[in-house]
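Please report on the local geometry and packing of this model. Cover the annotated segment, strand pairing, cores and backbone exceptions.

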Amino acid sequence: SCDAGQLCNCSSMGLDFIPLGLTAKITVLNLAHNRIQRIQSQDLQQAVNLRTLLLQSNNIRSIDEDSFQSLAKLELLDLSNNSLAHLSPLWFGHLFSLQHLHLQGNSYRDLGQSSPFSGLRNLSSLHLGNPRFSVIRQGNFEGIELLHRLWIDASSLTQYEQGSLKSIKAIDHMIINLKYSSIFLEIVGDLLYSVTWLEVTEIKLPNEKKRLVQNTTHPFRIQKLTFKEVLFTDQTISQTIVSMKNITSLKELEAFNCVLKGQGRWDTTEIARSGQSFVETITITKAMIQNFHLFFDLEGMESQIHKLKRLTIASSNVFMVPCKLARNFFSLLYLDFHDNLLVNNRLNETICEGSWPSLQTLNLSQNSLKSLEQTANYTSRLPKLNNLDISQNNFGDIPDVCEWPKSLKYLNLSSTQIPKVTACIPQTLEVLDVSGNNLKEFGLQLPSLKELYLTRNQLKTLPGAAPIPNLVALSVRRNKLNSFSKEEFESFRRMELLDASDNNFICSCEFLSFIHHEAGIAQVLVGWPDEYVCDSPLAVRGAQVGAVRLSLMECHRSLVVSLICVLVFLVILLLVALGYKYHMVWYLRMTWAWLQAKRKPKRAPPKDVCYDAFVSYSENDSDWVENTMVRELEQACPPFRLCLHKRDFVPGKWIVDNIIDCIEKSHKTLFVLSEHFVQSEWCKYELDFSHFRLFDENNDAAILVLLEPIQSKAIPKRFCKLRKIMNTKTYLEWPAGEEQQQVFWENLKVALKS
């Protein structure tokens, strides 16, 4: 059950005894909420470095006298809520380092005849008492000189020997739960000289005229007195006020959840006769006054409030302060009436002319004020007011012009149901809170404003910086803010704190770029980075804004599309260039024509064959073809009928169709090969179509006539068919001599007839 820091948690494990094997390494041991009944001498003998020992909520009935003897370093010991019937001084005799001791909730009736704490020189806090604790004797606290906190459950205390608590020289904060009022004055009388803050709970104050302070030269120490769940009557409250005037050091009074049975019929004559009060601060919260509407106006108490500086009466059904009484709060600087029943027509009486002359801070939040114009007008009667809180009043409307105190610096109008902000807001403000009003815009001219709170509204953008040039802190938390730009952010030149958390941010590229690259924005944004979350795009919803990184495509879509278009254009341009270089157009055209030809019958019917040969030649060789070869062949006996493109192509018909038709209608195809032939586009087509026919029909339809020698390297690569035909078929060469020419013609005629 021990972690790396040697903290051993054995709580709620159903243990009946302290576990064996505890070593010197353990510093914290938690054995709370088990069933341990006894602590024996050897149980903790080895845990010499223990600093915290928690044994509360067991059933411990007995502790051996030397059980804690080895725990010289122990600082906190909790034995509360057990079954200890007595306390032994021997238990604590060797706990030299003990600072915190909890002994409440056991069954002992007293602390013994002497002090169980005489050896605890370093004790700082002590918790004592239980529902059966009934006796405190002199000497019970001997050995304790200074305590930060002393808590005593003395709900059943019936016997207190006077002077028992005087042995403690100084107590910072003491809490005592008393039900029997008979010993209250004796205990308080002993504590006036040692306690700084005394807190008394659950007591019905005694109705006695006994003097609380006796003639003494000792200086008082008590400065603050708190009552919790205390029952007062008109008589006891009058006596308490008179008694406290003798305590010159008392500066602050508090009362929480107290009940006053009475109607304010206080003995104002006796109170006034007893002199001035030294109390400067009074806080009353959740006071219960039966029939509070019948409560008297406290006439005669005016002289007792002259020196009061701070007054809080909250959640206590206050509906009015009489004007006469209000005019006597000469020194009051702070007044808090939040969560009461103040309304506008009663506020006119509460803040009458000449009332609260020194007041600087006024809290009227959570009341029943309805008119902002009247509220502003009444508070303008307070010449020194600079802080005003009127939040959580249902004003519902805001006028265009209001009259406010000229010195007003702070104004809280949060949750007041105002639909907009107008020039009613004073320009003297340095701090303005209009949170929780469903505002959709904010454009007021407030040159002195330093802090602006716009939480829980409907703003979609940051307010403009020009009307509020001196703004230091801005809160737009929980609005409808989607983003804010670098320009908006930098327009607030003095901005030190910006709370834009809990908004639905659209994590656009511009917004993310600003967030990631703006130096020092993490120091300005409140709640960064945990409370700044993306709402869209959907892919990053719920992610922290600072952790989101969008892709290049998501951030620069138009640029990427433009680059893709340029790239596609370059690819097309490259394909065109490659097609031109490698004659891709030729291959495409040839393929198209070939597909067209494939749809035709493979061989024309005999009646359609009307030429002996289709002559394919270059225009540069037309002189030899037309004047030499045509004359020789067409004038032969019998004559050959030749198809020439110049003479026999059908006018207006697509040239490719003419070539295909003429080849189809010719028995042979005669190619006149030369350097010019291999440079001709149309000659290549004619050669290709003839090559299709040659292989498709498996015949000998092509005749090659080599008009002049051709170097193989001079034949372009696209004439792969020509190279193939020249390698597979015999061709005729045009000779230079006349004798060989006769043989050439004879061989050509034989080839045409075959």
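The unreviewed UniProt entry lists residues 559-580 as "transmembrane region"; UniProt positions follow the numbering used here, feature names are shortened, and annotations may be inferred rather than shown by experiment. Over residues 559-580 the chain is 100% helix and 0% strand. The end C-alpha atoms of that stretch lie 31 Å apart. Helices (H or I, at least four residues) and strands (E, at least two) are DSSP runs, numbered from the N terminus.

This is a predicted model, in which local features need pLDDT of at least 70, side-chain atom pairs count only at pLDDT 80 or more, and totals for chains, interfaces and linings use all residues. Residues are numbered from 1 along each chain as its sequence is written, and side-chain values use heavy atoms, leaving out hydrogens and water.

Strand β13 (residues 195-201) is largely enclosed by the rest of the structure, because 6 of its 7 residues are buried (under 20% relative accessible area; exposed is over 50%, partly exposed in between; 1.4 Å probe, protein chains only). Its pairings are tabulated here; two strands pair if DSSP finds at least two bridges between them.

| Partner of β13 | Sense | Bridges | Source |
|---|---|---|---|
| β12 (residues 170-178) | parallel | 6 bridges | DSSP |
| β14 (residues 224-228) | parallel | 5 bridges | DSSP |

H173 stands opposite W197 in β13. L198 stands opposite L225 in β14.

The largest nonpolar core has 164 residues. Such a core is a set of buried Ala, Val, Leu, Ile, Met, Phe, Trp, Tyr and Cys residues joined through side-chain atoms within 4.5 Å. F68, F141, W356 and F484 touch the most other members. A second, separate core of 22 residues includes V615, W624, M629 and A636.

Two cis peptide bonds deserve a look. One joins W528 and P529, with omega about 0°. P529 is found in the loop between α9 (521-524) and β30 (534-536). The bond from S536 to P537 is also cis, with omega near 0°. P537 sits in the loop between β30 and α10 (552-555).

Positive phi comes next. S12, not a glycine, has phi of about 55°. S12 counts as exposed, at 52% relative accessibility. R456 has phi near 55° and is partly exposed, with a relative accessible area of 36%.
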